[in-house]
Amino acid sequence: MIRITLDDLDDIALGATFLGTGGGGDPYIATLMTRQAITEHGPVTMLSLDEVADDALVFACGNMGAPTVAIEKIMAAGQPPAAVLALEAHLGRQADVLMAFEAGGSNSMMPIYNAAMLGKPMLDADGMGRAFPEMQMVTFSVYGASGSPFALASEHGDTVILNINDDKRAEYIGRGIVIRMGARSAKASYPMDGRTARRVAIPGTTSLCQAIGANLRQSRAGNRDPFTALIEMLAGTHYGHAKVLFKGKVTDLIRETRDGWAIGKVVITDQAQGAFEVEFQNEFLVARQDGRLRAIVPDLICILDSEMAQPITTERLRYGQRVTVMAVSAPPIMRTEQALAVFGPVGFGLPEPFVPVEELD
Amino acid sequence: MGHAVSQNLRLGIDVGGTNTDAVLMDGDRVVAWHKATTGRHITDAIVAAAGAVLQQAGIAPEQIYAVMLGTTQFTNAVIERRRLNPVAVLRLAAPATTAVPPMSDWPEDLAAVVGGQHYLLKGGLEFDGRPISPLDEDEIAAAAREIRGLGLKAVAVTSVFSPLDAEMEHRAEAVLRRELPAETCAITLSHRIGRIGLLERENAAILNAALSGLAGQVLGAFAQAIDDLGLKAPLFISQNDGTLMTAEHAARYPVLTFASGPTNSMRGAAVLSGLEDALVVDIGGTTTDIGLLLDGFPREAAMTVDVGGVRTNFRMPDLLALGLGGGSLVRDGGARIGPDSVGFELRQRALVFGGDSLTMSDIAVAARQMQLGDPAKVGQLDGVETALARAAAMIEEALERVRPSAATLPVILVGGGAPVLAGQRIGGGEIVRPGHGQVANAIGASIAMVGGECDRIFSLDGVSRDEAVAAAKTEARAQAAAAGAAPGSIRIVELDEIPLSYLPGNATRLRAKAVGDLAAGAGMEGGA
């Protein structure tokens, strides 16, 4: 059991941007919200998966909407708790613990926010282990926990409970409601017991965000090479294989919108080593060098600025940036056959089969 | 001086913290220039610099057809937390946005000066234009009475998605005005100065309102100087993006000048060198700013920029600042330069002026690259070659980080400290040393164009992407024409597209920017 205080939030946000692998939304506003909540209501207790009771009721929470709306229509203070309270009312039982469904990007903050506002503990785990674009792309669904019933809440306090028998359909139908709510909804979903959470959730991802953020911060302050330090730190975790794939300058950037996705490709060049390509669909999905596969989803591909090691999101990529591309192995629970069928290369229509990053060079 | 009298004489003025520079321009030709010390009275400095220029050229004030002025007065006020007035903040958004109240992320010292009078009221729009909640005029009127009771002289009004549709901000202003007349209270509407991104736009509006008292004084001082000089021409003020606004507009929107200094310097370098695509190295007393010119305009920085510790989303030039300048201290036999500098004390502390500090200017004088002070005092200096090589290496390394691709680009060298860099080439590019590089800022102000922008979310339902892009361009052109651009000269210089991921119907945010030359007679209503 650990406590999350105001001092931890910037590290968690920085680590969450790294795990966001180019997407997941900038945690800036969510961090300000959470700062406000902890200032008013005090620090948050975080349990590990080992510490949660077998019969504890766990909800996965976060937000659903469009990042461009998120920077303009900020949430109401009571909006995220309203989703939790609505799901509790529907189930006739209070949630004991809250966790993230997505540890990467802005959703990393929402269990901390809700836990502070509602005076509940949170769980150090999530369902994506990074950022993914759709609701069903979680280990919870892969291993048989249902997203439904789930609650969506608007800033007006309007709530909707959905019972959808398939999580991919839940994403589709839920998004229709989110649009009518103005493309910014709070969500409480995947009600499950503690025993199930231990089986289907990715452990330790909030504390991993914190460790990554602290490591980057300390490297900057101590004038150490941030990439070497981060690789050493990750080696001791379940994201054990991390490496630098390429260093160079952004020399080409192609973006387009297709079916509401930000799809594109970034080309990074180094005079000695040639060209390196990363394709993205909201998140970075696949990295290739001279046509050769270097890393592929669900392994994490992160682009950081070479000087400060600040993770760069796809919308902030620009010509001329000096960047370092890192790859990190996803934990084993995300690399099984069932998991790869949902959020492996096939889940994004990529032609290559999954090859673990540690087997590629 | 015997110049033929031209129809195209303009006065460019740069009012900096230390110096006030003036240039008289005939088209792109520098007719005369002068540097004066800014001191405590801006009016005096402008009169001194511009008066000297007119006298040198033998030009009568009425022959000038426009005066363009750039200033760092407002940026400095925010950075130094001086001369700011308290602000009442109105946000039209409730029940949305209550999770992050206004000024949540401001530095405490600045927040203390600007104050904490906040009103989070009903209003705001959804992304598709529906209201979040209807505006409540009674609620706004009650706030207005309270603001009047508190004696606050500035209000910032921000409504959710106002860049899409500003109607709610306008209606709120009308209600506020019933209690708060224009003579006693300045009202800033966020959509006038910011783009999408609620907190950044609101921050910019609050900073603008906090500068409203100072803006009146500074613009008054400018107008007084124009009057004292006997100038009849309209006065324009340069903006962040290198385009012009009328003095009247600048008095209402002082934040739009925040980045005009570096922008003018880079634009001035473009005109002086005749180059459109180049790297610009501006070596000052304490720092060197390195930026990239593309099509004659500075490349802009990423989405958010800190101004005095406050997050904003102004478009500002993307500059790399290096602790190297004419006043930088040189140590270790020339192997270490800066980042500390003797700054404005160069004339007391540098060796060539009989001081005890070895500066980069001493090195440049010893190498006969610069004429300053007494060269005999640095006749026997060690480490000159080492220091020059170190300075070149620092600049070369920085250029490498700014250069967009492997292609070599020429390097335009400007600023008072320019002589510290010797040689003909750096980083594979030719070094261009235009004449009058020490007043590039004022020249940049004098050649500024007028611009217009469109930043909106377009739904692509039943509209092709090309049609939406054409609509955005048309709107940007219309804005430029409204700002005083000569219609035939208007061109689109930027087009950005940001797809709204996770929304159906292919909504997309388009931002188009147009610029054009100042039409003769434009802006007369805003002149002094």
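Good morning, colleagues. The model is a predicted one, in which local features need pLDDT of at least 70, side-chain atom pairs count only at pLDDT 80 or more, and totals for chains, interfaces and linings use all residues. Residues are numbered from 1 along each chain as its sequence is written, while chains are lettered from A and ligands numbered from 1 in the order in which they are written.

I begin with the whole chain. Chain B contains 14 helices and 24 strands, taken as DSSP runs numbered from the N terminus (helices: H or I, at least four residues; strands: E, at least two). Its radius of gyration is 24 Å, close to the 24 Å that the globule rule gives for 528 residues, so chain B is as compact as a globular protein of that length. The radius is taken over C-alpha atoms, and the rule is 2.2 Å times the number of residues to the power 0.38. The C-alpha trace of chain B spans about 80 × 50 × 50 Å along its principal axes.

I turn now to one sheet. In chain B, six strands form an open sheet of mixed pairing, ordered β3-β2-β1-β4-β9-β10; strands pair if DSSP finds at least two bridges between them. At its edges lie β3 (29-37) and β10 (244-246) of chain B, each pairing on one side only.

Finally, which strand pairs with β4 of chain B over three bridges? It is β9 (residues 235-238) of chain B, which pairs with β4 (residues 66-71) in the parallel sense. Within β9(B), Leu235(B) is the bridge partner of Val67(B).
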